[in-house]
Amino acid sequence: MKLANKYLYDKKTVCPVCKQEFTYTRVRTSQLKVEERGRDFYTKYKDDINPFFYEVIVCPNCGYAALESEFEKITNDKREKILSLVSEKWVKREFSGERTPQKALEAYLLSLYCSQIKEDKPIVFAKTCLRIAWIYRILGDKANEEKYLKHALDSYVKAYSGSDVYEEEILLIYMIGELNRMLGNKEEALKWYNKVIHHPERSRHTMIVELARDGWHSLKEE
Ligand SMILES: [Zn+2]
């Protein structure tokens, strides 16, 4: 398998926790070809490459892990907490190079644990748990997939009802509808799809509105 050469490349960074330099692997997005996009945005690409496997950076020296967009965001007191709760027990191991679903899962579960320690915003938990559910789906583990879809749903609801303002609120509402549908909560799903369909920003997000309409109709036809 030469996936590594075509899609992956290495980058160096300095860990904000242990301050050591290390190499992590990124995906060349220009090479990606979409084969199928799910209603929860899980996307299947040609050659079975899963770019989201690489969205978590793990420091091989201290075990600090986070989504790439959150990696640098750490305060001094949270850094101390990571050092005592994660790094002290950390067995040095590598996360660069091609990731199997199991390796990606390990990275994401570490990232989730670090998010709990850092007390990240609900949206970070939502994204992380949704991706963990996708990995369990790939692994054919239904029970864990459902467990993490539920965690993702709870976090999206927290994000929606919290004080943080999100640029793409309509997407947040759509995800709450969609996750409710996937979890069999029909009435809740219809309620949230309706919020998307009547959202003041609906004309700027036609794709999301279409997805919500599809979801709404699929439930009404049941
Ligand atoms: Zn580190």
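This dialogue reads a predicted model feature by feature.

Q: What should I know about the numbering and about the pLDDT limits?
A: Residues are numbered from 1 along each chain as its sequence is written. The model is predicted: local features need pLDDT of at least 70, side-chain atom pairs count only at pLDDT 80 or more, and totals for chains, interfaces and linings use all residues.

Q: How many helices and strands are in the protein chain?
A: Helices (H or I, at least four residues) and strands (E, at least two) are DSSP runs, numbered from the N terminus. Here the protein chain has eight helices and six strands. Their order from the N terminus is α-β-β-β-β-β-β-α-α-α-α-α-α-α.

Q: What does the radius of gyration say about the protein chain?
A: The radius is taken over C-alpha atoms, and the globule rule is 2.2 Å times the number of residues to the power 0.38. For 222 residues, a compact globule would have a radius of gyration near 17 Å; the protein chain has 19 Å, which agrees. Along the principal axes, the C-alpha atoms fill a box of roughly 55 × 40 × 35 Å.

Q: What share of the residues of the protein chain count as buried?
A: Burial is a neighbour count. A residue is buried if 20 or more other C-beta atoms lie within 10 Å of its own, exposed if 12 or fewer, and partly exposed in between; C-beta atoms are placed from the backbone. Of the 222 residues, 32% count as buried.

Q: Which contacts in the protein chain join residues at least 24 apart?
A: Two residues are in contact if their C-beta atoms, placed from the backbone, lie within 7 Å. Take the contacts between residues at least 6 apart in sequence: 58% join residues at least 24 apart.

Q: What is the span of helix 4, and what is expected?
A: The expected span of a helix is 1.5 Å times one less than its number of residues. Helix 4 (residues 122-138) has 17 residues. From first C-alpha to last it reaches 24 Å, close to the 24 Å expected. Gly140 follows helix 4, with a positive phi near 75°.

Q: Which residues have the most contacts inside the largest nonpolar core?
A: A nonpolar core is a set of buried Ala, Val, Leu, Ile, Met, Phe, Trp, Tyr and Cys residues joined through C-beta atoms within 7 Å. The largest one has 54 residues, and Ala65, Ala152 and Val196 have the most contacts inside it. Elements giving two or more residues to this core include strand 5 (56-58), strand 6, helix 6 (169-182) and helix 7 (186-197). Helix 4 gives the largest share, nine residues. This core draws at least three residues from each of domain 1 (3-163) and domain 2 (165-222). Beyond its neighbours within four places in sequence, Ala65 is in contact with Val56, Ile57, Val58, Ala107, Leu110, Ser111 and Cys114.

Q: How far apart do the C-alpha centres of domain 1 and domain 2 lie?
A: Domain bounds come from an automatic or database domain assignment. The two C-alpha centres lie 26 Å apart. Each domain gives 12 residues to the contact. On the domain 1 side, helix 5 supplies the largest share, nine residues.

Q: Is Val209 buried or exposed?
A: Val209 counts as buried because it has 20 C-beta neighbours inside 10 Å. Val209 is in helix 8 (residues 206-220). Leaving aside neighbours within four places in sequence, Val209 is in contact with Val196, Ile197 and Arg202.

Q: Where are Lys19 and Asp47 found?
A: Both have a positive phi without being glycine: about 65° for Lys19, near 70° for Asp47. Lys19 is in the loop between strand 1 (8-14) and strand 2 (21-27). Lys19 is exposed, with 11 other C-beta atoms within 10 Å. Asp47 is in the loop between strand 4 (43-45) and strand 5. With 13 C-beta neighbours inside 10 Å, Asp47 counts as partly exposed.
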